[in-house]
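Colleague: Before we discuss the details, could you put the model on screen so that we can go through it together?

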Amino acid sequence: MRFSEFLLATLKEIPQDAELISHQLMYRAGMIRKLGAGLYTWMPMGLRVLRKVEHIVREEMNKIGAIELLMPAVQPAELWQETNRWEKFGPQLLKIKDRNDRDYCFGPTHEEIITDLMRRELNSYKQLPTVVYQIQTKFRDEIRPRFGVMRAREFLMKDAYSFDIDTAKLEITYAKFYQAYCAIFKRLGLKYRAVLADTGAIGGNASHEFHVLADSGEDAIAYCEQSDYAANVELATRLEPPIPAQINALLNLASAPAKKLTATPGITSVPEQAKHMGLMPHQILKTLLVKGQTEKHPVVALLLRGDHELNEIKAQKHPLVASPFEWVSPEAVSHIAKCLPGYIGPIGLVGDIPLIGDPDVFALANFSCGANQSDYHYINVHWERDLPLPEKFDLRKVIEGDLSPDGKGTLRLCRGIEVGHIFQLGETYSEAMGLKVLDERGKQLVLQMGSYGIGVSRIVAASIEQHHDEKGIIWPDALAPFQVILLPMNYHKSHRIREAIDMLYQKLLNLGIDTVLDDRKERPGVMFNDAELIGIPHRLVLGERSLDAGNIEYQHRTESTTQHISLETIGDFLISKIKL
């Protein structure tokens with residue numbers, strides 16, 4: 001490719017709404033242009049990168065026996081109604097009507113469509129396992145599209161679906177996808193983590209998210225450096241803390257200080273309470289009222305240490321807690337506890353309200369809690385003497401330094417950009433939509449399904465978040481729009497330079513090296529700046545002096561020094577340097 005024949009659209013200015021570096025650099029490097037909120041045109045430079053991602057994803061899917069197909073983007077409402085997701089998916093589902101007033105949606109995902117297809121195509125266990133995938137445009141009506149293609153409303157996604165006869169076979173297929181995803185992100189040159197995750201709106205029995213590690217990531221990840229454990233903080237667990245020796249010494253509660261009612265006028269937050277009482281936040285027990293799941297227990301009290309934060313995803317997994325999670329309103333709290341919010345405590349809580357405590361609260365002794373009286377808290381509270389022990393259940397978000405659940409070290413936290421998510425759906429969709437086949441004995445069995453997504457367009461932005469400097473993008477070789485850029489000095493004035501660079505350009509193309517020649521009538525400074533902004537990994541500069549010496553100047557995008565390589569051997573040199 002020659003830049004004189006290419007729609008090169010580099011810019012100096014940054015769009016006002018570009019918060020992330022990837023959004024800024026994709027715009028400046030001429031990769032994307034905004035059409036509307038969350039809607040982007042992929043310019044030729046950006047599309048070349050997008051196609052590189054697609055190619056690698058497609059190759060790894062084909063390696064594990066997945067078969068490519070293409071399903072409609074517009075989907076009839078009836079299929080979504082079969083699985084009760086027409087309303088459940090929420091406002092992200094873009095609903096539309098045709099001229100006959102029939103309901104459709106622009107697909108955000110394709111579980112219903114593929115299940116409908118397979119219930120008409122599969123009828124025998126002999127056709128299993130069946131694994132299919134597509135790379136296609138999706139649409140989710142984000143309430144606040146931002147960060148460029150990172151959180152766009154329209155995006156490109158690879159979604160795959162598997163169909164197996166039983167759970168054991170599903171787990172084998174799931175493991176193949178897990179390994180394929182690892183291979184994809186390794187080939188893309190990305191630092192990533194595979195983490196345990198919640199199944200969310202997609203549903204199913206188990207799932208893993210794949211995160212590109214970046215400070216700009218929206219998701220918090222907990223991982224152990226001493227082991228392979230990693231999980232989204234929404235799902236991350238930790239080893240229960242041992243009960244400190246000093247707590248065991250307080251078994252003789254007769255000698256412990258008596259519980260005392262203390263005035264705390266206008267003090268409703270843990271930090272204010274700790275300061276007023278001369279305590280540390282971890283010496284305070286906080287009581288949170290949430291909606292219950294059953295008629296018998298419409299309200300549930302959750303107990304946490306004052307310095308810990310409730311994990312709503314974990315909480316709603318308790319059988320007594322409403323799912324989806326919902327807080328009791330401040331007005332209802334005042335009615336139930338007979339006090340203002342901020343003064344609720346487990347002692348004397350009115351009504352048959354179950355108490356569920358995070359494991360860390362069991363290690364508390366001589367602690368403070370709300371008194372269910374406005375402007376008052378208790379101090380010197382002890383379990384079993386002043387109130388019964390609650391039911392134990394993991395309720396809180398993990399924090400840095402927690403013990404890893406595998407017992408092999410401590411947890412660390414980092415940020416990640418989710419670029420892939422795989423699910424063991426089980427019978428979630430096949431049961432709802434009647435996807436069954438006959439087994440060896442002629443008995444009908446509901447199929448076990450898996451769903452496997454990769455955000456193809458999001459990977460492009462995530463890679464930039466991980467690979468950039470003050471000059472621009474730094475592409476890994478596998479993702480770069482061009483692997484090599486040729487920068488001739490005085491191309492339009494020197495016949496010798498033009499002849500030599502044209503021959504080299506053709507030679508590199510014949511070797512299969514993805515090369516671009518900057519043959520524009522531009523100053524060298526502009527050419528160098530554009531090459532660095534776009535992020536082409538390997539740069540070759542040819543001037544009269546180098547040509548006289550029979551060599552060419554080479555520099556990698558990440559290096560500050562140059563090398564002079566013989567023009568005769570430059571092809572072999574580049575082949576050895578390019579890492580795909």
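Colleague: What percentage of the 580 residues in the protein is buried?
Modeller: This is a predicted model, in which local features need pLDDT of at least 70, side-chain atom pairs count only at pLDDT 80 or more, and totals for chains, interfaces and linings use all residues. Residues are numbered from 1 along each chain as its sequence is written, and side-chain values use heavy atoms, with hydrogens and water left out. Taking buried as under 20% relative accessible area, exposed as over 50% and partly exposed as in between, with a 1.4 Å probe and protein chains only, the buried share of the 580 residues is 53%.

Colleague: Why do the buried residues of α8 lie on the same side of the helix?
Modeller: Helix α8 spans residues 270-277, and its buried residues are Val270, Gln273, Ala274 and Met277. An α-helix has 3.6 residues a turn, so residues three or four places apart point the same way. With the arc taken from the directions from the helix axis to the C-beta atoms, these residues are on the same side of α8 because they cover an arc of only 100°.

Colleague: Which exposed residues does the face of α8 turned away from its buried side carry?
Modeller: The buried side is covered by elements including β13 (260-263), β14 (285-291), β17 (367-370) and β18 (376-381), where helices (H or I, at least four residues) and strands (E, at least two) are DSSP runs numbered from the N terminus. On the face turned away from that side, the exposed residues are Pro271 and Lys275.

Key
Contact means heavy atoms within 4.5 Å.
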